[in-house]
Amino acid sequence: MNEITLMQYIFLIQGAQVGTGILSLPRTLAEVSGTDGWISLVVAWFLNFLAGYVILLTIRRYQDFTLPDLFNYLFGKWFGKLLLLPLIVYYACYGWMVLINAMLYIKAWFLPKTSEYMIVLLFAIPSYLIVRHGIRVQARYSELVFYMMMWMPLIFLVTLKYGHWIHLLPLFKEGFEPILNALPKTVFAYAGNEILFFIYPFLNKKQYAVHGLFIANTMTMLIYVYITIVCFVFFTPDEITLLNQPALSLLKTIEFRFLERVDMLFLALYLIVVTKTWSAYIYCTVFSTSQMLKKQDHSKHTLVYFIAAIACTYVLNPTWNQSERWTTMLSNASMIVLYVLPVLLLIYTFIFEKYRRWKAA
Amino acid sequence: MSQATEDRYSCSCSLDFSKENVHMLNHDLSQNIEKAKELFPAAPDLVVFRFAAGSQEIPAALLYLDGLNDKNSINNHILRPLMYEIPDDKPGIPAPTISGVRTVTAWSDVEKAILHGESVLFFEGKPKAWIYSTQGWPQRAIEDPQLESSLKGAHQGFVETGKQNIALIRRYIANKELRILEHTVGQRGQSKVWIMYLNDVAHPEILQELTTRIDKIDVDAVINTGELAEYIEDNPYSPFPQTITTERPDSAVSQLLQGRFIVIVDRSPGVIIAPTTFTSFFQSVDDYSMRWQIASFIRLLRFIAFMIAMLLPAFYIAVISFNYEIIPLQLLLSIAESRSRVPFPPLLEAVLMEITLEMMREAGIRLPAPVGQTIGIVGGIVIGQAAVQAGVVSNIMVIVVASTAIASFILPSYDMGTTVRLLRFPMMLMASMFGIIGIIIGFVTLVAHLTALESLGTPYGSPLAPFRWSDMKDTFIRLPLWNMVKRPKSARPIQDIRIGRKRPKEDES
C-alpha cells in the first residue's frame, strides 16, 4: 500500500539533490577550475552515480529494510542504534543546513529586517504539513513540484543571446588537476543519493531502481551543467568569481516591460523547489528517530524537529560566513556518507552474509 | 368470513394469543384503534376512518396521516374496492388495487409505517395490519437547478424526493450493474440514504469505506446533503470541499460512469459525489457539449481565475507595501498617484473593499430578485465610485477587487468559489506581513495541504499529486472525447476502458 512509483522515486532523488547549491555553484567552481568547472560537474556526476549504485548493491539484498531496520539487522539491536545515531545527526544537520541556506537567501533578498528564526518558522509551516505524512505524500509533493517548476530553467535562455561562447574555450586549459580539485565543491550540490536508504524499500518496481537512479542523477547533472555554462558564457571568467550568486545576478539583467526584477521573482518561486530538498532530509531524520523509538507515527517527531530547528536558529543567528563554514564541514560529512559508507557497508554485508551462511552450514 | 378470504389475508406466522403482549396487535378492532390513538397523542392529522368492508360487512379501519398520503389512491384504490365492489362469484372481501402492500403484526412497524406516510388497514378479529404504500406529499416540479445552470446540458434538476432522484439517474444508465444500497441515517429523522454505483467499475474498497462511514453516523437527523457530506468527509479542518454536491442528474451520471459513487439523501435536492479530486471542481457538464478547443480554453480560464481570485489582492498588497522593485517604474508611479489620497495601509484598504464585496454578495443572495437589483446599483455606483472620489480607497484597489470577484464567480462549483474567497484573506494577511515570500509560503502550504488531503481514502490532489499523465487529457484541457479511451485513474475504477475502439478513419465505418 505504501508504495511509490518509479517516477516519484526519480523525483525524490532529484529533489533531494537540487537545492540552494545551484545558485552559487558557478562561482565556487570558477574559483577553483575556471571555466572548465562544468567538466568537474560531469566527472562528479559519474562518481555520484557509482556511489549510488554501490548503495543499491547493498540494500538490494534487503529489499524491505529501511536504514534503521538494516542497521538493526546487521549490527544488532544496540550497536545498530549507536551506529545509526551519527547518521541521524547528519540527516538532521543537512536538513537544517538547507533551511538555513534558504533562509539566508530570503533574508538577504526579501526580508532584511525579519529575524532569522521567523523566516525558518515560515518555512516550517508547509514543510510540517508534508513531512508529517508518509513517504507517499512526500513523493507526490516532489513529483508535483517538479512538474510545476519545470519551466524555470527556460528563463535563462533569454540571456544566451548576450553570451560569448569563447569563454569556454580552450577546454582543459590547465590540465586535469583544477578539474579534479573542484570536485569537493560539488559534493554539497550533488548530495542526495543517501535518501536511497529510505525510499528504495518503498519503490514498487525494484528492478528499475538503477535506471531511476541514473535518470535522476543525470537530470541533476544536466541542470547544473546548463546553469553553469549559461553563467560562464554570460560573465567573463574574472567577473564571475566576484559575484556571490551568479545565477541570480544573471537573471537580474533580464527585464520585461511588465516586470522589472526577474531575479527576485525567480528566487521567490525557487523557494518552492528548495522545500522539497529539506523536506526529504527531514523526512529521513524523523523517520529514523521514530523507528528507533518504535513509534509508528512520526508527526510528533516532525514537530519536535521543527521546534528544534527554529530554536537553533534563534540561538545561533547564522550568518553567511558561518553557513559557508558549516556547509564545508557538512560536505566533508557528506563525502563519508555518500562515498565511504556505501563501500564499507557493501564489504561488511558481504562478509556478514558469508559468515551467516558458514554458521548455518 | 369465508375460507377464500381467510387465505388471502392469512399470514404465515402464528402467534400465541393467550399471552397479553402489548407490542403485538390485538384481535379486537376497537382496542387496536385505541392503542393507535395512544401512540399518537396530540396528532390531529392522524385520520382514523372506520367502515364496513365486503359483503359480510366486517368492521375495518384505515389509519393514515393526513397530508402525507395520496388522497386519490386511498379513496379510489383502497376504500372503493373494499366498500362498494362486491364481487358476485367470489364471496369475501375484495382486495385493494395497490401493488405496494405488506402485513405486519408489531406495533412498532405500524408506528413506523404511519410516520412514513403509509396507510394502515385493520380488520376486526385479525391480529395484524395491512400496510399500503400510498405516500404522496407536496412536491416541487422538476426544474433547472438554480446554482448550476447550464447552457447545453439537460434542464432537469434533482428534487426533494429520493426515489425520484434515483429514477432520474436510472433514466441515464439502463444497466443492471447500476447498484443501489439503502441506508437509514438519523435517530429521529430516519432519512433514507442511497449509495449508487456501477458494480463493475467502482472500486469495492471505496464502497466499503463509504458504507462504513455512513453507518457510523449517529445523529438526530440529516436535513440536507451538505450535512451528510460533513459527517463523512476525511478532513474536517480543511477549507476545501471534499465531496461534490450537485443538483444536476447529468453531471452525477457522468461521475458515476467514471467509477465514482453517488449518495442520494431523501428530502434533499443535492446529491453527493465521492471520491472527489481537486481538479474535478473545475469541470462542468457544458465542457463536453462544445467544441473541445473552446472547452479547453474555458477550462484554462477557470484555473487562471482560481489563481487570480486567490492571489491577486495579496499580490497587490505585496507589491505596494513590500516588493515595489519588481514592477516597472511607470506602473508604480501610476499606482502611487492613485493611492496618494488614501490614508489607510494597503492591507486595511484591501480588506475593507473585500469585505464590502462579500457583504454585497451575501445581501444579493438573500434579497428577493426585485430588491436585489438595488444592491447592484448601491454597490457599483455608491461604494465603487463614491469611495474612490472620497479618497477612501484607490482606483486600482477597486479594479483588483472587482476582478477577483469576477474571477471567483467563473468557477463552476459554488463550494470551490467560496473556498477561494475565504482563502484570499489569509493570503492577504501573509502578503502584508512578509510580502512576496508570504504569498509563496501561503501557496506552498496550500499545495502541501492539497497533496496530503484525501477524499474517501483516495488522493484529493490527483491527477496532479500523484501525477497521472493519462488523466491530463481531461484536466487543464479537454481533448476530443474519442481520445479518452480510458476512465480517469483518480477514482480508481476497476474497469479501465470506456470506449470500444478509436474513431473510424476516412472511409471506414
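**Close-up 1. B:Leu210 in helix α6 of chain B.** B:Leu210 sits in helix α6, residues 204-216 of chain B (helices are DSSP runs of H or I, at least four residues, numbered from the N terminus). This is a predicted model: local features need pLDDT of at least 70, side-chain atom pairs count only at pLDDT 80 or more, and totals for chains, interfaces and linings use all residues. Residues are numbered from 1 along each chain as its sequence is written, chains are lettered from A in the order in which they are written, and side-chain values use heavy atoms, without hydrogens and water.

**Close-up 2. The surroundings of B:Leu210.** B:Leu210 has a relative accessible area of 0%, so it is buried (under 20%, 1.4 Å probe, protein chains only). Beyond its neighbours within four places in sequence, B:Leu210 contacts B:Ile195, B:Ile232, B:Phe261, B:Val263 and B:Leu456 (contact: heavy atoms within 4.5 Å). B:Ile232 is 22 residues from B:Leu210 in sequence; their C-alpha atoms are 7.6 Å apart.

**Close-up 3. The interface of chain A and chain B.** Chain A brings 32 residues to the contact, chain B 28 residues. About 2,700 Å² is buried between the chains, 79% of it from carbon and sulfur atoms (buried area: accessible area, 1.4 Å probe, lost by two parts on being put together, summed over both). On the chain A side, A:Leu122, A:Arg140 and A:Leu144 lose the most area to chain B, together 21% of what that side buries.

Definitions and conventions:
Helices (H or I, at least four residues) and strands (E, at least two) are DSSP runs, numbered from the N terminus. Buried means under 20% relative accessible area, exposed over 50%, partly exposed in between (1.4 Å probe, protein chains only).
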